[in-house]
Amino acid sequence: MKTLPRITGLGFSVPSQVWDNHKLEKMVDTSDEWIQSRTGIVTRCIAGKKDTTASLASEAALKALDDANCGPLDVDIIIVATMSPEMLFPATACFVQEIIGAKNAAAFDITAACTGFIYGLTLASSMVLSGAAKNVLVIGAETLSRIIDWTDRNTCVLFGDGAGAALVSNEGKGGQIIDSLIGSDGSQADLLYMPGGGSQYPTSEDTVRKRLHFLKMADRGLFKVASVSMANVVNEVLVRNHLAVSDIDLLIPHQANLRIILATAKKLDLNSEKAYVNINKYGNTSAATIPIAMVEARDEGLIAEGKIIVLVAFGSGMTWGATILKY
Ligand code: UT7
């Protein structure tokens, strides 16, 4: 029987600049009270001039490698999940490869927005299982502050910058990746998107004037889709592994909104205390929320030997996915 891939190292990095809700009160028509009560967010970290998606990703990656006691030359593949890449091309993963000195690695990005880290883990796990790779770095990294419209109160209060990384290996200590399930529904692509700068609306004075180079979000649709798709995918992956919600020791959900997390736990009939929350500190860092939360949950002693941890996310696309880990 093949041994299951393991997450042997974790790390994260956030910019040192912290913005609280009062700072945003001075930028748009909002209030600390509205943001906290509607989203659970208190602060978020915002990239300084020198921070980029690749720099944050590289810091997180080096910490994950150190945690796993693995040298950069032993990395076979680097996958960066991001919707705010260093550039449209080449892949942010190639910049990371150069910064961390992983000269033997293949490097590429995946675009699955907030579900990107789960998509990356799914891919990494399959590559390790098949024998195609021994060590795969999966990094969720974003500088969303660079694609946010800071005049749009509907979106600018929600997001933050940061990166988290996991090393997926064929041997070593760490949580076993039992199974992953991913899905998407392209008919809902207009719920969250950034139209400008691609082949449909190549950058021009007109696209800039129309602010198409900023992230756009539908007002209400996303909230409902989010909790339904996260609860469904968790149930589906549990069932196909003969597990039940009662087997979950800790759910680490994508941190988009505290109310979405609580609604997902309710739909699953999971005690909300088993759903990890740190959105208060970082806001929604898209592909980075789950690996950042994994590090913090582990450091708080919530991820220990014998525990079953379920990761779950949804995001633009729409995309969704869940991963079961056994420690
Ligand atoms: O990772 C995926 C990315 N995004 C998400 O997951 C976001 C998902 N959606 C949400 O988290 C929530 O839908 C929001 C936090 C964006 C909004 O919460 P809501 O419960 O859907 O809002 P609501 O219906 O209670 O309130 C909407 C009202 C609107 O005003 P009117 O039209 O009712 O007068 C907005 O204009 O709240 C207004 N509003 C704000 N007010 C103060 C929207 N943003 C703000 C703001 N400050 N920042």
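User: Leaving aside neighbours within four places in sequence, which residues is threonine 122 in contact with?

Analyst: Quick heads-up: this is a predicted model, where local features need pLDDT of at least 70, side-chain atom pairs count only at pLDDT 80 or more, and totals for chains, interfaces and linings use all residues. Numbering runs from 1 along each chain as its sequence is written, and side-chain values use heavy atoms, with hydrogens and water left out. Contact means heavy atoms within 4.5 Å. By that rule, threonine 122 touches Ser180 and Ile182.

User: Is threonine 122 buried or exposed?

Analyst: Buried means under 20% relative accessible area, exposed over 50%, and partly exposed in between (1.4 Å probe, protein chains only). Threonine 122 has a relative accessible area of 14%, so the residue is buried.

User: Which backbone oxygen does the side chain of threonine 122 reach?

Analyst: The side chain gets there at 2.6 Å. The backbone oxygen belongs to isoleucine 118.

User: How much area do domain 1 and domain 2 bury between them?

Analyst: The domain assignment, automatic or from a database, gives domain 1 (6-174) and domain 2 (178-326). Buried area is the accessible area (1.4 Å probe) that two parts lose on being put together, summed over both. Carbon and sulfur atoms hold 65% of it here, and the total is about 3,600 Å².

User: Which residues of domain 1 lose the most area to domain 2?

Analyst: Together they make up 17% of what the domain 1 side buries. They are Phe12, Cys114 and Ile118.

Definitions and conventions
Polar contact = N/O pair within 3.5 Å; in protein donor to acceptor, adjacent residues only side chain to side chain.
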